[in-house]
Amino acid sequence: MAYQSRIPVEPSYVQRVGQAFYNFAYLEWIVIWTIVKLAPNGFGSISDREPSSKLADTLTGLIGTTSPPLPAGLRDELAQFDQSYRDAISSRDELLCSHPFTAEGGVQELGGSGHVWPPEAVDEAAKRFEDAAIAGNAIFYGDLAKARPETAPTDVNARLRRSPSPRDGRIFAPNLLQT
């Protein structure tokens, strides 16, 4: 028997919220793989269950310090991607820390701290997360792949073995550049 929630909320609203969180998780996975590609010690540069803010700090640091240095244009692209990820973290945190309330018309939505999440705002956040993920994916498979053609480290740790990766034949993030 399928789970049926007894908490009142429109299924379409829950689907929107779920899509937003999925898009953020997808974005963060691209950030992780970008870090792995830039860091001399691959997955050793991050620990299991790093908070998003720590991942952002790691990415920021690597953009400017990776060796050999990245071309200026690629550093600029990565800096923009880094900023879009940081903006996404802020939006995701606001959505995550929201509380249910009864909105106009009696529908249940999320909100709090002066911010409300009507369906359109949830969709906008999901789209921003998606746009950032697509931009990061394009950099990863485009200019970054050209600048760093080597693959991910072969000394795969437990985290990588628990997660989908190119190493085990599953694609960690579909190459959105290919149609």
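User: Why is serine 113 called exposed?
Analyst: Exposed requires over 50% relative accessible area. Serine 113 has a relative accessible area of 86%, so this residue counts as exposed. The model is predicted, and the value is computed from its atoms. Serine 113 sits in the loop between strand 2 and strand 3.

User: What makes the phi of serine 113 worth a remark?
Analyst: Most residues other than glycine have a negative phi. In serine 113, which is not a glycine, phi is positive, near 55°.

User: What kind of peptide bond joins serine 67 and proline 68, and what is its omega?
Analyst: Omega is about 0° at this bond, and the bond is cis. Most peptide bonds are trans. Proline 68 belongs to the loop between helix 2 and helix 3.

User: Why does alanine 125 count as buried?
Analyst: The cut-off for buried is under 20% relative accessible area. Alanine 125 has 0% relative accessibility, and therefore counts as buried. Alanine 125 is part of helix 4, residues 119-141.

User: How many residues does helix 4 have, and what span should they give?
Analyst: Helix 4 has 23 residues, which at 1.5 Å a residue should span 33 Å. The end C-alpha atoms are 33 Å apart, so the span agrees with the expectation.

User: Which residues of helix 4 are buried, and what covers them?
Analyst: The buried residues of helix 4 include Pro119, Ala121, Val122, Ala125, Ala126, Phe129 and Phe140. Their cover includes helix 1 and helix 3, strand 2 (108-112) and strand 3 (115-117), and helix 5 (143-147).

User: Why is leucine 78 called buried?
Analyst: Its relative accessibility is 0%, and the class needs under 20%, so leucine 78 counts as buried. Leucine 78 lies in helix 3. Not counting residues up to four places away in sequence, leucine 78 touches Thr34, Leu38, Ile63, Leu70 and Ile139.

User: What span is expected for helix 2, and what does the model give?
Analyst: Helix 2 (residues 52-65) has 14 residues, and 20 Å is expected at 1.5 Å a residue. From first C-alpha to last, helix 2 reaches 20 Å, close to that expectation.

User: Which residues of helix 2 are buried, and why are they placed on one side?
Analyst: They are Ser52, Leu55, Ala56, Thr58, Leu59, Leu62 and Ile63. These residues cover an arc of only 160° around the axis, which puts them on the same side of helix 2. The face turned away from that buried side carries the exposed residues Gly64 and Thr65. The buried residues pack against helix 1 (11-38) and helix 3 (72-96).

User: At what angle do helix 1 and helix 2 cross, and with which hand?
Analyst: Their axes come within 10 Å and cross at roughly 40°. The crossing is left-handed. Among the residues that meet are Phe24, Glu28, Val31 and Leu38 in helix 1, and Leu55, Leu59 and Leu62 in helix 2. The residues of this contact divide into eight nonpolar, three polar and one charged.

User: What pattern do the helices and strands follow along the sequence?
Analyst: The protein has six helices and three strands, in the order α-α-α-β-β-β-α-α-α.

User: What share of the protein is buried, and what share of its contacts joins residues at least 24 apart?
Analyst: Of its 179 residues, 40% count as buried. Among contacts between residues at least 6 apart in sequence, 70% join residues at least 24 apart.

Key: Residues are numbered from 1 along each chain as its sequence is written. This is a predicted model: local features need pLDDT of at least 70, side-chain atom pairs count only at pLDDT 80 or more; totals for chains, interfaces and linings use all residues. Side-chain values use heavy atoms; hydrogens and water are left out. Helices (H or I, at least four residues) and strands (E, at least two) are DSSP runs, numbered from the N terminus. The expected span of a helix is 1.5 Å times one less than its number of residues. Buried means under 20% relative accessible area, exposed over 50%, partly exposed in between (1.4 Å probe, protein chains only). The arc is that of the directions from the helix axis to the C-beta atoms. Contact means heavy atoms within 4.5 Å. Axes are lines fitted to C-alpha atoms, for helices over the stretch in contact, and angles run from 0 to 180 degrees between N-to-C directions. A crossing is left-handed if the near helix is turned anticlockwise from the far one by less than a right angle, and right-handed if clockwise. Ala, Val, Leu, Ile, Met, Phe, Trp, Tyr, Cys and Pro count as nonpolar, Asp, Glu, Lys and Arg as charged, and the others, Gly among them, as polar.
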